[in-house]
Amino acid sequence: MRFGIIGSGSWATAIAKILTDNGNTVNWWVRNNDTIAYIEKRRHNPHYLSSTYFNHAQLQLSSDIQAVVTASDVLVIAVPSAYVESSLETLSAQQLSNKKIVSAVKGILPSGNRLLNDYLSETFAFPLENYFTLLGPCHAEEIAAEKLSYLTFSGQQPEATAAIAAYFKTDYLNTVVNTDVMGVQYAAVLKNIYALGAGIAHGLEYGDNFLSVYIANSANEMEVFLHQSNDKGPFAEQSHNYNASVYLGDLLVTCYSLHSRNRTFGNMIGKGYSVKAAQLELNMVAEGYNASKCIFTMNHSIHAAIPIATIIYEILWEQVPAAQGFKKIESLLR
């Protein structure tokens, strides 16, 4: 398979490392030509995971997304959810036909509160059977350091999913396959919201005891949402182990890890930063911020009981003071 990567952030850079470490040549769409020139000359991304060096012969870098799409059989989309539509807007349905798309997007597209597969279906008539997800408890920084990690690949067809996953298995990366295409995406969205809340709690100087209870309750709440959304979706007959790594594992690492930008963003909110100030300080996208509003809106039709996520939305979007919001969360925890 010929792989193309859409995006040049930390996660896209980590994916490029994985694929090139396995001997693959990667077609890599990088929006900024100055960044392309830097990578070609210096062999590393100047902005993200700068300690990761590439064999230049394995990279086909281009700012022309249509050229990257044409040259690839499998496209890995690894841009923040808020920028997906602007990144793909010049493409046509014909250009994406007969391609496979792997989503490494950990958010909902905010313009229409849609998962990436819904956007692709509506805009490009892209079939779900050619759509896969790449998710799990896997920080890009640890991939760069080659610390053992696990990724879950989801797709409707296990054999096709396993064939793609095989290209990503390395000495430092194990792969898992499941069929819960919708559930893993919702879990990736929700864990960012709860991790942002964990950061707020830390900024408010709650301790580890409280945080453990908060995360346990968040895991229960996430499972409620996943069950409820599954009951209303096309895969209602499926059941899944929500204690698996792509669900609970990813929630835990995103809430606890110092690599987590959502936790870091929340920590600043808990310390009294405004949302705008925290965004400027972080200088990276914290998916949990937009996700909190998207999930709050989507839940009007899903009707899942998710009070923790709702309070985090209120803190971020309705100017409820963080301390006041967490006093309400205190009374919910069991």
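Select Phe3 to begin: Phe3 stands opposite Val74 in S4. This is a predicted model, in which local features need pLDDT of at least 70, side-chain atom pairs count only at pLDDT 80 or more, and totals for chains, interfaces and linings use all residues. Residues are numbered from 1 along each chain as its sequence is written, and side-chain values use heavy atoms, with hydrogens and water left out.

**The sheet**

Now select strand S1 (residues 3-6) and strand S4 (residues 74-77). They pair in the parallel sense, over four bridges. Two strands count as paired if DSSP finds at least two bridges between them. Strands (E, at least two residues) and helices (H or I, at least four) are DSSP runs, numbered from the N terminus.

Step on to strand S5 (residues 100-103). S4 and S5 run parallel, joined by four bridges. Pick Leu75 and look across: its bridge partner in S5 is Ile101.

Next comes strand S6 (residues 131-135). S5 and S6 also run parallel, with three bridges between them. Here Val102 stands opposite Phe132 in S6.

**Tyr167**

Select Tyr167, in the loop between helix H8 (158-165) and S8. Tyr167 is partly exposed, at a relative accessible area of 26%. The classes are buried under 20%, exposed over 50% and partly exposed in between, with a 1.4 Å probe and protein chains only.

Show the contacts of Tyr167, leaving aside neighbours within four places in sequence: Met1, Phe3, Leu19, Asn22 and Asn24. Contact means heavy atoms within 4.5 Å. Then draw a C-alpha to C-alpha distance from Tyr167 to Thr179: 18 Å in space, for 12 residues in sequence.

**H9 against H15**

Select helix H9 (residues 181-203) and helix H15 (residues 307-317). Their axes are 10 Å apart and the packing angle is about 65 degrees. Axes are lines fitted to C-alpha atoms, for helices over the stretch in contact, and angles run from 0 to 180 degrees between N-to-C directions. H9 and H15 are therefore roughly perpendicular. Under 35 degrees counts as roughly parallel, over 145 as roughly antiparallel, 65 to 115 as roughly perpendicular, and the rest as oblique.

Show side chains at the crossing. From H9 come Ile193, Tyr194, Leu196, Gly197 and Ile200; from H15, Ile308, Ala309, Ile312, Ile315 and Leu316. By class, that is nine nonpolar, one polar and no charged residues. Nonpolar covers Ala, Val, Leu, Ile, Met, Phe, Trp, Tyr, Cys and Pro; charged covers Asp, Glu, Lys and Arg; the others, Gly among them, are polar.

**Ser218**

Which residues does Ser218 contact, leaving aside its neighbours within four places in sequence? Tyr194, Leu251 and Ile308. Ser218 lies in helix H10 (residues 208-231) and is buried, with a relative accessible area of 0%.

**H15 against H16**

Finish with H15 and helix H16 (residues 322-332). They pack at about 175 degrees, axes 9 Å apart. The pair is therefore roughly antiparallel. On H15, select Pro307, Ile308, Ile311, Glu314 and Ile315; on H16, select Ala322, Gly325, Phe326, Lys328, Ile329 and Leu332. This contact of H15 with H16 has eight nonpolar, one polar and two charged residues.
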